[in-house]
Amino acid sequence: DKRSFAEVARNAAVDGDGCLFTYWDADVETGQLVTGAIRTEVIDNTRVFFGNPNESDPQKQPSIIIERQEMLEDVKWRAKEEGVPQREIDMITTDNDGARNAPSRYTDGRCTVLLRLWRDRETKSIWACECVKNVMIRKPWDLKIKLYPLIWLNWDYVKDCYHGQAMMTGMVDNQKFINKLYALYEKSLSTTAFPKIVFDRTKIPGGRWTNQVGVAIGANGDVNSIATTISGAQMSADVPNFINSTIEYSQSFKGATSVALGDTRPDNTSAIVALQKAAAAPNEITKQNLYDAVEQLGQIYLEFMTEYYGQRIIKSQMDEMGMPMVDWFDFATLRARPMLIKLDVGASSYYNETLVQATLDNMLRMNNPEFDIVDYVERLPADRFPQKQAWLEKTQQMRQMMMQGPGEGAPAGAELTPQETPIPTGGGFGKLQREIIQSM
């Protein structure tokens with residue numbers, strides 16, 4: 001879903017890598033004869049270990065290990081469900097059991113479970129097994145798919161390393177520099193920016209000065225030579241300007257321009273699209289990596305569907321007699337049909353409805369006989385025309401009555417009422433068209 005990809009993109013921006021793991025959950029009720037559904041979850045990049053650390057493509061790995069922290073009771077229950085002997089189940093312990101300096105706040109009541117995936121050299125299918133420190137809780141089994149169920153997204157590639165470089169990596173030094181300047185700026189303001197009083201201690205009784213309001217200070221001699229003030233040091237105006245310029249350059253280099261932040265006001269839809277493309281240019285490589293990840297996920301889903309979906313209802317409707325009609329499809333047949341899969345993945349425009357509205361308006365003004373007001377309303381976005389479906393149904397009924405005539409669909413001698421006036425279908429931009437445009 002969108003939330004998962006947003007989390008993966010965020011992990012890649014902060015940590016350098018994002019990971020999605022897909023598995024088959026056979027216990028999901030689907031309302032059909034065959035149960036089970038595909039599940040996808042986000043995994044931290046620090047819990048994924050590639051067999052070849054110099055290769056970033058998971059499909060080229062000899063093996064992949066995924067580490068998870070699970071509750072001890074859940075692990076023992078799963079081991080019992082898999083038929084592990086009780087004496088081996090008793091050997092399953094928490095990670096901090098027997099360790100003197102273990103961080104118990106992180107491992108108390110939990111243990112580390114390792115899921116190992118590898119590709120069989122002969123059948124090319126993916127196999128898996130699960131184990132803890134001392135026990136194999138699930139023996140090797142065949143997933144019956146040809147692809148590793150793992151998506152690996154690098155924010156930026158690093159040569160000879162499966163871990164990528166995060167977007168925040170280049171921002172760390174800049175942020176340290178900005179924080180240091182701000183700290184020095186604050187220190188200077190708090191120590192030297194305010195004036196200080198200097199007085200002659202020999203002319204003040206007791207040699208003490210008070211800042212209390214309304215309290216008189218006794219002095220010996222001329223008061224003009226007793227005390228004076230020292231103004232604060234003048235800080236260079238280049239310091240705040242340099243801080244602001246550093247922040248602006250850091251944002252622009254990472255694509256956080258004024259256009260991307262919404263600080264500009266374009267004049268028309270063409271300007272909106274042009275500014276969007278210009279703002280997205282710095283992150284174009286990362287976008288393509290994300291689109292490739294979505295395409296790979298679709299291919300993995302197809303592998304699971306071919307192997308586990310079985311025969312499922314893909315379409316259900318009523319026939320002319322009111323009897324249900326069901327279309328079945330056996331997904332296993334996809335295995336015998338070699339195909340080249342290419343998914344069209346891309347971003348939908350934020351101003352899509354605006355562009356559609358402008359295109360429809362232009363087509364209506366062209367006075368094309370093949371594009372009338374009904375075609376216009378049918379293609380309008382749902383929120384632009386209230387009760388659109390009711391209007392279309394009423395218009396369709398009126399057109400049918402006009403086509404049938406008085407002798408067929410209406411009583412003999414019946415005349416059309418003002419409400420049954422036919423909708424003009426020829427060219428022109430008539431009164432009804434203008435009323436519809438004004439009501440939007």
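The dialogue below reads selected features of a predicted model.

Colleague: What should I know before reading the values?

Modeller: This is a predicted model, with residues numbered from 1 along each chain as its sequence is written; local features need pLDDT of at least 70, side-chain atom pairs count only at pLDDT 80 or more, and totals for chains, interfaces and linings use all residues. Side-chain values use heavy atoms, with hydrogens and water left out.

Colleague: How many helices and strands does the protein have?

Modeller: Helices (H or I, at least four residues) and strands (E, at least two) are DSSP runs, numbered from the N terminus. The protein has 12 helices and 12 strands.

Colleague: What share of the residues is buried?

Modeller: Buried means under 20% relative accessible area, exposed means over 50%, and partly exposed lies in between (1.4 Å probe, protein chains only). Of the 440 residues in the protein, 26% are buried.

Colleague: Which residues touch the most other members of the largest nonpolar core?

Modeller: In soluble globular proteins, nonpolar side chains tend to be buried together. A nonpolar core is a set of buried Ala, Val, Leu, Ile, Met, Phe, Trp, Tyr and Cys residues joined through side-chain atoms within 4.5 Å. The largest one here has 35 residues. Phe-21, Val-48, Phe-50, Ile-64, Ile-66, Leu-117 and Leu-150 touch the most other members.

Colleague: Which residues does Phe-21 touch?

Modeller: Contact means heavy atoms within 4.5 Å. Leaving out residues up to four places away in sequence, the partners of Phe-21 include Ile-43, Ile-66, Leu-115, Leu-117 and Leu-150. Arg-39 and Glu-41 are also among them.

Colleague: Which residues of helix 2 are buried, and which are exposed?

Modeller: Helix 2 covers residues 72-81, and Leu-72, Val-75 and Ala-79 are buried. Seen down the helix axis, the buried residues fall within an arc of 65 degrees, so they line one face. That arc is taken from the directions from the helix axis to the C-beta atoms. On the other side, Glu-73, Trp-77, Lys-80 and Glu-81 are exposed.

Colleague: What do the buried residues of helix 2 pack against?

Modeller: They pack against strand 4 (63-71), helix 3 (86-89) and strand 5 (110-119). After helix 2 comes Gly-83, with a positive phi near 85 degrees.

Colleague: How many salt bridges does the structure hold?

Modeller: Side chains of opposite charge can pair when their charged atoms come close. A salt bridge is a side-chain nitrogen of Lys or Arg within 4 Å of a carboxyl oxygen of Asp or Glu. The structure holds nine.

Colleague: Which residues are linked in a network of salt bridges?

Modeller: Arg-68, Glu-70, Arg-78 and Glu-130. Arg-68 and Glu-70 meet at 2.9 Å, N to O. Both are buried, Arg-68 at 19% relative accessibility and Glu-70 at 15%. Glu-130 pairs with Arg-78, their closest N and O atoms being 2.4 Å apart. Glu-130 lies in strand 6 (residues 126-131) and Arg-78 in helix 2, so this pair ties together parts 52 residues apart in sequence.

Colleague: Where is Asp-361, and is it buried or exposed?

Modeller: Asp-361 lies in helix 9 (residues 352-365). Asp-361 is buried yet has no salt bridge. Lys and Arg count as positive, Asp and Glu as negative; His and the chain ends are not counted. The nearest side chain of opposite charge is Arg-365, 4.6 Å away.

Colleague: Which side chain makes a polar contact with that of Asp-361?

Modeller: The side chain of Tyr-376, at 2.5 Å. A polar contact is a pair of N or O atoms within 3.5 Å; within protein, one must be able to donate a hydrogen and the other to accept it, and residues adjacent in sequence count only if both atoms are side-chain atoms.
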